[in-house]
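Welcome! Have a look at the structure below, and then let us walk through a few of its features together.

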Amino acid sequence: TMSKSSVSFSEEEYLLAGEKTIVESLGGFEFEISANSFFQTNSKQAKNLYDTVVDYAELSGNETVYDLYCGAGTISLYLSPHAKKVVGFESVADAIRDAERNQTRNNVSSCRFVEMDLKNLKHSYGQMTKNHGRPHVMVIDPPRAGMHPDTLETVLELDPDRVVYVSCNPASLARDAAIMCQGKYHLQKIKPLDMFPHTAHVEVVAQLVKT
C-alpha cells in the first residue's frame, strides 16, 4: 500500500525469496535489519554520523542515556560502551525486535528497548523515570517531520543536561531547537553531514546544553 508520509513504514510485507533481514557492520558492531526498521543508507558516512553523536554526547561512562526514535538500536548500541545505561524508545514493533536481537548479537547488556508511540511520551513520563531513571543525556533522531509538540514538551520536562539532535530535515530541527532554546537550552554545536551526495539533502547533528 502506498501513502504519503514523513515516516518510512510499510503496511504489508511479503517475503519473495532469501532472508527476512540483512546484516550491516558499523564501527565494530553488527546490525540485523528488517524491512520496517530504519537504518542509514550510506553506511560509510553513517559511521561519521554516529561518531559525531558520541562526540556530542560527551559521556563519561556514568550516564543514563535516552535514545528516542531508536529504530533497530544502532545509536543505542553505538553509545553503549560510553554510557552506564542506554534506553531506546521506538514505536515500530519490528524495529524493537531487531534492536533486542542486535543487543544479543553484539553481547551488549547495558541497553533496554521500549516499544512506545513517542507522541504519548508525556503520559508515560512518571513510569519512564521510575523504571529507568532520569536521563542525563538524550539522543533524538526523529523522522523528517521532527518531534510531535507533546514529545518535545516531555523532553523539556525530562530535563537532560545535554540533547543530541540528529536530523534529516534542517527545517524541522530549526523549529524544534528554537523552542528548546527559548529558556532552558542553548545551541552549543552543530555539524552537517552529506549522507546523500549530489542531492539537496543533508543530515545534521546538533548539541543543545542546559543554560
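## A buried glutamine

Glutamine 103 counts as buried because its relative accessibility is 14%, and the cut-off for buried is under 20%. Please keep in mind that this is a predicted model. You can find glutamine 103 in helix H3, which covers residues 93-105.

## What surrounds glutamine 103

Which residues does glutamine 103 touch, leaving aside its neighbours within four places in sequence? They are Leu77, Val108, Ser109, Ser110, Cys111 and Phe113.

Alanine 72 makes another handy reference point. Along the sequence, it is 31 residues from glutamine 103, while in space their C-alpha atoms are 9.6 Å apart.

In soluble globular proteins, nonpolar side chains tend to be buried together. Here, the largest nonpolar core holds 30 residues, and Val53, Val65 and Leu79 have the most contacts inside it. Helix H3 is one of the elements giving two or more residues to this core, and others include strand E2 (29-34), helix H2 (74-79) and strand E5 (111-115). The top contributor is H1, with seven residues.

Now zoom in on valine 53. Apart from neighbours within four places in sequence, valine 53 is in contact with Ile75, Leu79, Val139, Val164, Val166 and Val205. There is also a second, separate core of 25 residues, with Tyr69, Met138, Ala206 and Leu208 among them.

Methods
Residues numbered from 1 in each chain as written. Predicted model: local features only at pLDDT ≥ 70, side-chain atom pairs only at ≥ 80, totals over all residues. Heavy atoms only, no water. Helix = DSSP H or I, 4+ residues; strand = E, 2+ residues; numbered from the N terminus. Buried < 20%, exposed > 50% of the residue type's maximum accessible area, 1.4 Å probe, protein only. Contact = heavy atoms within 4.5 Å. Core = buried A, V, L, I, M, F, W, Y, C linked by side-chain atoms within 4.5 Å.
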